[in-house]
Amino acid sequence: MELTFFLQQMINGVALGSLYGLIAIGYTMVYGIIRLINFAHGDVMMMGCYFAYFGILMFSMPWWVSFAVAMVLTAVLGITMDKGAYLPVRNAPRISALITAIGVSFLLENVGLVVFGGRPKGFATPAMFSEVYEVAGLMVPALVVWTPLLTLVILSGVLFIIHRTKTGRAMRCISLDMETTRLMGVDVNRIISVTFAVGSAAAAAGGIMWAMRYPEINPLMGIIPGFKAFVAAVLGGIGNITGAMLGGLLLGVAEILLVALMPELAGYRDAVAFGLLILILLFRPTGLMGTKLPD
Amino acid sequence: MLRVEGLSVHYGGIHALKSVSIHVPEEKVVTLVGANGAGKSTLLRAVSGLVPVSGGKIRYAGRDILGIPSHRIAREGIAMSPEGRRVFVNLSVYENLLMGAYCRDDRKEIDRDIEWIFETFPRLLERRDQPAATLSGGEQQMLALGRALMSRPRLLLLDEPSLGLAPLLIREVFRVITKIHQEGTTILLIEQNAMAALHVADYGYVLETGEIVLEGTGKDLLCDERVKKAYLGET
Ligand SMILES: Nc1ncnc2c1ncn2[C@@H]1O[C@H](COP(=O)(O)OP(=O)(O)O)[C@@H](O)[C@H]1O
Ligand SMILES: [Mg+2]
């Protein structure tokens, strides 16, 4: 195998993987704090794409304003979802919250179908992100550079919040012992909402990157990336943010390499994710970086 | 300061507290003794708003606090060191103390209080940046106590602070409790170690299967035949 070919594939794999990782941040944050697999996370990502789409097309905002507004709106959607759907079942058995999450997922998808229509819409990728550079014989699309960069910025931001701020300290405490955290005077529900907001905003950023990579958006577009992000999160050890990023990279590289090395198996690329999920659940359910969680 | 009147708590079919009334006057130490399962923790948890109450009243600083969410009760100046220590195991000792001061904004005063805690418990200073999980049981108990103090509570609820500690450490814990009390904090103390508790307490209640069966000053209870028999291990 040629070196340039290999490098080319690795670059693509890292770009795709960091995208999975970016979406997985929200998954893993929410799980970390309230042990909820938020099945609606991919659909929240989809909503973020539509917010950005309408920002550019209907309100003719500059792309960066539209992206920022989309992230804020998606954060608000995340808070609404938490307050409206998950807060009422917070003290119910965990299975109730899980079923609620599936319900929220269907709700968002179907509201999307009704309001936005089922026909895919072309996403207007800003010129800056659609260029392709040629570097040392490698074809480097701008997105392949921007996606990992943006991911790195958001990942650092999230890690900063969690490890260096008072709110983040409260998040870590809630994940360990919600009741005792209350005794410290922490408004636990508020902190959980902040977690949803941050995770959803990150998902919106990931979704927008996704939409530029595959520039057609539709109300069901969140399902596959949502699932891949879930696998990334489990792979890295669900609840662990750095782990989610590693899991995403691993999954992205594995997928791209499969397609590159065995093009005849390209149709199975989604199966790679399923296969990895099954393997990890069988042999190392706590993931690569996960530790045993207090139940 | 704290007045509990006719408090009842049910866990499903279990009637854990049956119309319990206690009074904790300002700047006093009141203790609640009783066997395992008597309902001592339940009473503290009800005061902190952690368990739903089925009847009665809880008045604190002249206000009804029943039904107020836990975090708001904490902000009113009630701190609890819960049963089983419950320190935040992944957080460092220092971060645990900061969590205790969560409701405060006076950064300088917080630093001063943390210094005070470290002076009082030098062992904690040695382990300042280690995760609380690496502490011994006794050190974790010190940390739980220190964390509760970091909110500068007006009323301190202590649930078995000496549980599982070596005798030397137990004495240390009671020394600190006395010190905190002398500095003006009101304390409601739960203990299985009835002897030590009644010695530091101004007033005590004896709880049996969810009911107050006896009350009196610490001295009186220490001399009471029934208390001696049941809780002080004398015959
Ligand atoms: N979460 C709970 N669910 C059901 N029963 C409980 C719960 N907590 C305590 N109990 C019961 O309530 C009674 C009082 O318990 P507790 O207040 O913990 O007693 P103590 O602190 O005096 O040992 C016991 O019979 C105990 O089994
Ligand atoms: Mg108890």
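Axes here are lines fitted to C-alpha atoms, for helices over the stretch in contact, and the angles between N-to-C directions run from 0 to 180 degrees. The model is predicted, so that local features need pLDDT of at least 70 and side-chain atom pairs count only at pLDDT 80 or more, while totals for chains, interfaces and linings use all residues. Residues are numbered from 1 along each chain as its sequence is written, chains are lettered from A and ligands numbered from 1 in the order in which they are written, and side-chain values use heavy atoms, with hydrogens and water left out.

**Stop 1: helices α1 and α6 of chain A**

Select helix α1 (residues 3-34) of chain A together with helix α6 (residues 142-164) of chain A, whose axis comes within 9 Å of that of α1(A) and crosses it at roughly 30°. That angle makes α1(A) roughly parallel to α6(A), where under 35 degrees counts as roughly parallel, over 145 as roughly antiparallel, 65 to 115 as roughly perpendicular and the rest as oblique. Helices (H or I, at least four residues) are DSSP runs numbered from the N terminus, as are strands (E, at least two). The crossing is left-handed, a term used if the near helix is turned anticlockwise from the far one by less than a right angle, with right-handed used if clockwise.

To display the contact (heavy atoms within 4.5 Å), pick residues of α1(A) including A:Ile11, A:Leu22 and A:Met29, and residues of α6(A) including A:Val144, A:Ile154 and A:Ile162. By class, this contact has 14 nonpolar, four polar and no charged residues; Ala, Val, Leu, Ile, Met, Phe, Trp, Tyr, Cys and Pro count as nonpolar, Asp, Glu, Lys and Arg as charged, and the others, Gly among them, as polar.

**Stop 2: A:Phe5**

Staying in α1(A), move to A:Phe5, which is partly exposed with a relative accessible area of 33%. Buried means under 20% relative accessible area, exposed over 50%, and partly exposed in between (1.4 Å probe, protein chains only). Not counting residues up to four places away in sequence, A:Phe5 touches A:Ala260 and A:Leu261, and its C-alpha atom is separated by 8.2 Å from that of A:Leu138, 133 residues apart along the chain.

**Stop 3: helices α11 and α12 of chain A**

Next select helix α11 (residues 241-261) and helix α12 (residues 269-283) of chain A, which pack at an angle of about 135° with their axes 9 Å apart. This makes α11(A) oblique to α12(A), and the crossing is right-handed. Among the residues that meet are A:Leu251 and A:Glu255 in α11(A) and A:Arg269 and A:Leu276 in α12(A); by class the contact has eight nonpolar, no polar and two charged residues.

**Stop 4: the magnesium ion and chain B**

Now centre on the magnesium ion (ligand 2), which is coordinated by B:Ser41 (OG), B:Glu83 (OE) and B:Glu83 (OE) at 2.0 to 2.8 Å. Donors are N, O and S atoms within 2.8 Å of the metal (3.2 Å for Na, K and Ca), and water is not among the atoms, so sites may look incomplete. B:Ser41 lies in helix α1 (residues 40-47) of chain B and B:Glu83 in the loop between β6 (78-81) and α3 (93-100) of chain B, so the pair ties together parts that are 42 residues apart in sequence. B:Ser41 is buried at 17%, whereas B:Glu83 is partly exposed at 33%.

**Stop 5: two positive phi values**

Most residues other than glycine have a negative phi. In the loop between β6 and α3 of chain B, B:Arg85 has a positive phi near 70° and is buried, with a relative accessible area of 19%. Finish at B:Glu160, in the loop between β7 (155-159) and α7 (167-182) of chain B, where phi is positive at about 50° and the residue is buried at 4% relative accessibility.
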